[in-house]
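Please look through the structure shown below.

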Amino acid sequence: MAAAPILGCPESAFAAEIHELPGAAMSLWWGLPFAGLLLSIATGPLLFHHLWEHHYGKIAAGWAALAVVPLAVAFGIPTAGEAVLHTLLTEYMSFIILLFALYTISGGILLAGNIHGTPLVNAGLLLIGALLASVIGTTGASMILIRPMLRANDNRPFNAHVVIFFIFLVSNIGGSLTPLGDPPLFVGFLRGVDFFWTTVHILPDTLFVGGLVLAVFLAIDLVLHRREGGMPKIKDPTPDTKVRLRGLANLPLLASVIGAILLSASWKPGVSIPVLGVGLGLQNLVRDAVILVLAFLSLKVSYKSHREANGFTWGPIAEVAKLFAGIFICIVPVIAILRAGHDGALAPLVALVTSSEGQPNDLAYFWLTGALSSFLDNAPTYLVFFELAGGDAQHLMTEAASTLAAISAGAVFMGANTYIGNAPNFMVFAIARHRGFKMPGFFGYMAWSGLVLIPTFLIAGFLFF
């Protein structure tokens with residue numbers, strides 16, 4: 001899981017707040033808390049797992065304090081406090097409320113039963129999951145479908161590749177068509193990007209990338225399935241049974257979440273309500289309240305047994321809430337520097353994505369956004385390059401549409417390059433290992449993504465950007 005707190009009004013107050021910080025006079029040291037937090041997120045679960053598991057919230061709070069305290073000392077408590085509060089109230093709250101609702105509602109939907117994991121069945125499940133990802137988010141789709149996918153393939157000698165391509169397609173690429181699909185796109189939506197803008201402008205890219213990756217999977221799975229034919233049979237620990245979709249009461253709740261978001265984008269009463277000195281658009285407050293009510297309704301109407309069967313816990317969403325609070329705070333001074341453009345400390349980065357004629361280099365935006373999204377969280381990475389491209393949603397959706405498409409595609413697609421590129425990746429990896437699947441390690445997974453995804457992205461980059 002922004003600067004346009006009143007949707008449809010990208011000239012909103014956040015831009016003014018950030019402009020009060022003298023980005024041109026700020027050095028790269030101001031970006032240290034942001035870089036430190038992202039590095040902690042990238043390395044913590046792998047290098048110091050137990051420490052991270054018990055203290056990630058404190059670590060995030062520490063980096064946030066390192067961002068806020070110097071801002072208050074250098075520019076005064078009113079300026080620093082206003083910038084941080086505006087970010088938390090108009091960006092972070094809407095962002096985490098949506099993630100919370102999608103996670104909660106999808107957790108009450110259970111795909112029970114089991115089918116045999118043939119190549120065609122697996123490809124069909126991956127296709128369904130990829131399509132579902134843009135409706136209920138990559139996290140929701142991953143959590144609903146990963147266990148049925150594992151059950152379908154738990155009697156096959158070669159099955160790790162099924163999980164790898166699941167991460168490619170369901171946990172990442174499939175979420176590229178709506179703001180519901182992946183956190184960076186919802187950040188863009190909150191910044192003023194139209195709800196269906198990505199559906200229209202990223203559709204050709206998604207069809208090509210997703211279709212090619214799915215075709216590669218089918219070819220690999222066919223070869224491995226034939227090799228398994230001559231091997232000793234493994235007793236199926238989960239015999240085939242009738243597949244049933246349970247928790248149907250949650251489906252209209254998901255539809256209502258989409259309706260609330262669309263309503264907030266079209267209904268503009270022009271009413272701003274001050275909260276702690278920050279003006280919040282009425283339509284946004286109503287949207288967030290409705291989404292919260294829908295999430296709590298899901299808890300009431302869902303069977304506890306369905307959530308238990310899904311392995312539903314509050315741990316993942318609590319981790320996301322704490323870490324993203326730190327991220328949204330730490331990125332405030334970085335955005336101020338980026339807004340200074342060629343006059344700021346990040347001028348070399350601006351030069352990398354700008355041609356000699358001063359025009360944006362879309363291919364550079366695609367690869368730089370994607371490369372950072374592979375190792376850092378893709379939502380703040382998207383935000384950095386969104387600001388680098390000017391931060392004006394109306395301009396980016398029209399005159400600079402190809403640039404916004406490059407940023408969006410890079411952030412969503414290339415989150416699949418590593419286990420830490422997108423939140424569901426590591427969750428799926430952990431669930432598969434717990435079920436006995438012999439998953440490759442961090443660099444083993446990158447070998448798969450390097451062989452399958454990087455050539456696909458190279459072709460897509462030259463075709464579309």
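In which hand does α5 pass α9, left-handed or right-handed? The model is predicted, and in it α5 passes α9 in a right-handed crossing. Helix α5 spans residues 119-153 and helix α9 residues 203-228; their axes come within 9 Å and cross at roughly 155°. Angles over 145 degrees count as roughly antiparallel, and α5 is therefore roughly antiparallel to α9. On the α5 side the contact is made by Pro119, Leu120, Asn122, Ala123, Leu126 and Leu127, which meet Leu214, Phe217, Leu218, Asp221, Leu222 and His225 of α9. Sorted by class, this contact has nine nonpolar, two polar and one charged residues.

The second pair consists of α2 (residues 32-47) and α13 (residues 315-339), whose axes come within 8 Å and cross at roughly 150°. These helices, α2 and α13, are therefore roughly antiparallel to each other. Here the crossing of α2 past α13 is left-handed. From α2, Pro33, Phe34, Leu37, Leu38 and Ile41 meet Leu323, Gly326, Ile327, Cys330, Ile331 and Val334 in α13. The contact of α2 with α13 has 10 nonpolar residues, one polar residue and no charged residues.

The side chain to consider is that of threonine 104, a residue of helix α4 (residues 77-107). Threonine 104 has a relative accessible area of 0% and is therefore buried. A polar atom of its side chain lies 2.7 Å from the backbone oxygen of phenylalanine 100. Leaving aside residues up to four places away in sequence, threonine 104 touches Ala295, Ser298, Leu299, Arg307, Phe312 and Trp314.

Definitions and conventions
Residues numbered from 1 in each chain as written. Predicted model: local features only at pLDDT ≥ 70, side-chain atom pairs only at ≥ 80, totals over all residues. Heavy atoms only, no water. Axes fitted to C-alpha atoms, helices over the stretch in contact; angles between N-to-C directions. Helix = DSSP H or I, 4+ residues; strand = E, 2+ residues; numbered from the N terminus. Parallel < 35°, antiparallel > 145°, perpendicular 65-115°, else oblique. Left-handed = near helix turned anticlockwise from the far one by under 90°. Contact = heavy atoms within 4.5 Å. Nonpolar A, V, L, I, M, F, W, Y, C, P; charged D, E, K, R; others polar. Buried < 20%, exposed > 50% of the residue type's maximum accessible area, 1.4 Å probe, protein only. Polar contact = N/O pair within 3.5 Å; in protein donor to acceptor, adjacent residues only side chain to side chain.
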